[in-house]
Amino acid sequence: MSEVKFSKEHEWITLEGEVATIGITKHATEMLGDIVFAELPEKGSNVEKDGTAGVVESTKAASDVYTPVSGEVVDINQAIVDDPSKINEDPEGSAWFFKLKMKDMSEMDSLMNKEEYDKFAKESAS
Amino acid sequence: MSKKTSLYNIHTNHGAKMVEFAGYQMPIQYKDGIIQEHKFTRENAGIFDVSHMGQLFISGSDELTEDLEKIFPVNLKNLKINQSKYSFLMNEEGGIHDDLIITKMNDGYLIILNAACKNQDFEIIQKKLNNKYQMNLDESLSLIAIQGPKAKDVLGKIVSNINDLSFMNGGNFTFEDTEIYVTRSGYTGEDGFEISIDNQKAEKFVKQLIENGGKLIGLGARDTLRLEAGLCLYGNDLDEKTSPIEANLKWAIPKSRVETDYPGSEIIKKQINEGVKTLRVGIKPETRVIARGNTKIFNEEDKEIGKITSGTFGPSVDCSIAMGYVENNYSPTNTKVFLEVRGKKIPANVCDLPFYKKNYVKGEKNV
């Protein structure tokens, strides 16, 4: 599996071949608070880089989930829809959101690595 | 600059996320988060800083009772000393300036007002009383609520004889050498108490509640608790354009007051006799989608029939819950409605309130 990359919208992404797994970062879940609802894109649908691909709601507010790359949705994580509290428990592991068959591999290039993201998250939080 | 309550340092020391609320720096949540705080209150004893709320004392005797009955649609003459009632400050159109708790004291009345409304309430009441009485919106006092099945035990360890109080009753007690005023009341659907205490002693008092098993709970959980209990939040579910009858709070206006005079009384009498066009109801979405305030409500024919005023996830009932106003013919329990959330129509059902029910100690009906 590839190195984990991050977007400015607080999504993480890993790559296996041309299939990307995408979720939201631990930092995002800490800002959101307890997540009580998750909506994911439909399997088979196409999503565009930086477009909305889902919604999460915490006890406080609703937030859109964006996709950092374009592609066809090949799998979704039904477990987080059934029990959204899993997202707070393991956001960067078992609580992934959806998998995409990527269209344009070069879209990975503009994303941040862990060190860059941690710095970005720290700055955007302050 | 927003104000700080006397408990500000305790909040930040316990990892609170502070937000501005009604001009005060208040804790929205602590480290555990809203869901854990909510559940702790339902099972144990949650401590709430509600010092931002107004504590209005009006001094006077029998004449004051008569004058206040011209302002509030409640029966004050029959109220015993230290007994409390839920009531409203209303406008001439039957709308609500504020909802409040009024308690008869030895030498007058104590009225607990919402933080965002308290200054305006003070002016309205002062004007209606023609400056005849001494009124004090006392900023030297903090207000602390302790709520939950173990509230009586936790509070009982530091204040003696607290369990003698019955629901919606108060009295003078002592904490160390300080006199405090305690009522058995709250806004969570749980047994509990509200304690009015000198600002200088508030921090020490709360620290002792924590040492004895209580936990600080933020405004976030306060909101999910009150909504599960079917209780209205002023500004969301009640406002200047909504009457207590429309808000389904008719129980708070005693029959003996329906024919008598108070602001908006003619309109209220008419609404009681002829019915109202819209009514506050509980609504349960069929999915986990949250329908927050201002969500539009539709009928099965796609006609707009009302609006959600409060909506959240209910941690104790483990589902999405909401309250809102619908046209009267859609108010019966189990009526199918649709909620427009992010462009989709979510199926939902009108349901009975509260969503979560637990018996109050020696509970008053309907409160």
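Modeller: pLDDT is the predictor's confidence in each residue, from 0 to 100. This is a predicted model, in which local features need pLDDT of at least 70, side-chain atom pairs count only at pLDDT 80 or more, and totals for chains, interfaces and linings use all residues. Residues are numbered from 1 along each chain as its sequence is written, while chains are lettered from A and ligands numbered from 1 in the order written.

Biologist: What is the mean pLDDT of chain B?
Modeller: In chain B, 98% of the residues reach 70 or more, and the mean pLDDT is 95. Over residues 362-367 of chain B, however, the pLDDT is below 50. The mean for chain B remains 95.

Biologist: Is strand β4 of chain A mostly covered or uncovered?
Modeller: A residue is buried if 20 or more other C-beta atoms, placed from the backbone, lie within 10 Å of its own. Of the 126 residues in chain A, 41% are buried. In β4(A), residues 35-39, four of the five residues are buried, and the strand is mostly covered.

Biologist: Which residue of β6(A) stands opposite I35(A)?
Modeller: Strands pair if DSSP finds at least two bridges between them. Strand β4(A) runs antiparallel to β6(A), residues 52-58, and four bridges join them. Opposite I35(A) stands S58(A).

How values were computed:
A residue is buried if 20 or more other C-beta atoms lie within 10 Å of its own, exposed if 12 or fewer, and partly exposed in between; C-beta atoms are placed from the backbone. Helices (H or I, at least four residues) and strands (E, at least two) are DSSP runs, numbered from the N terminus. Two residues are in contact if their C-beta atoms, placed from the backbone, lie within 7 Å.
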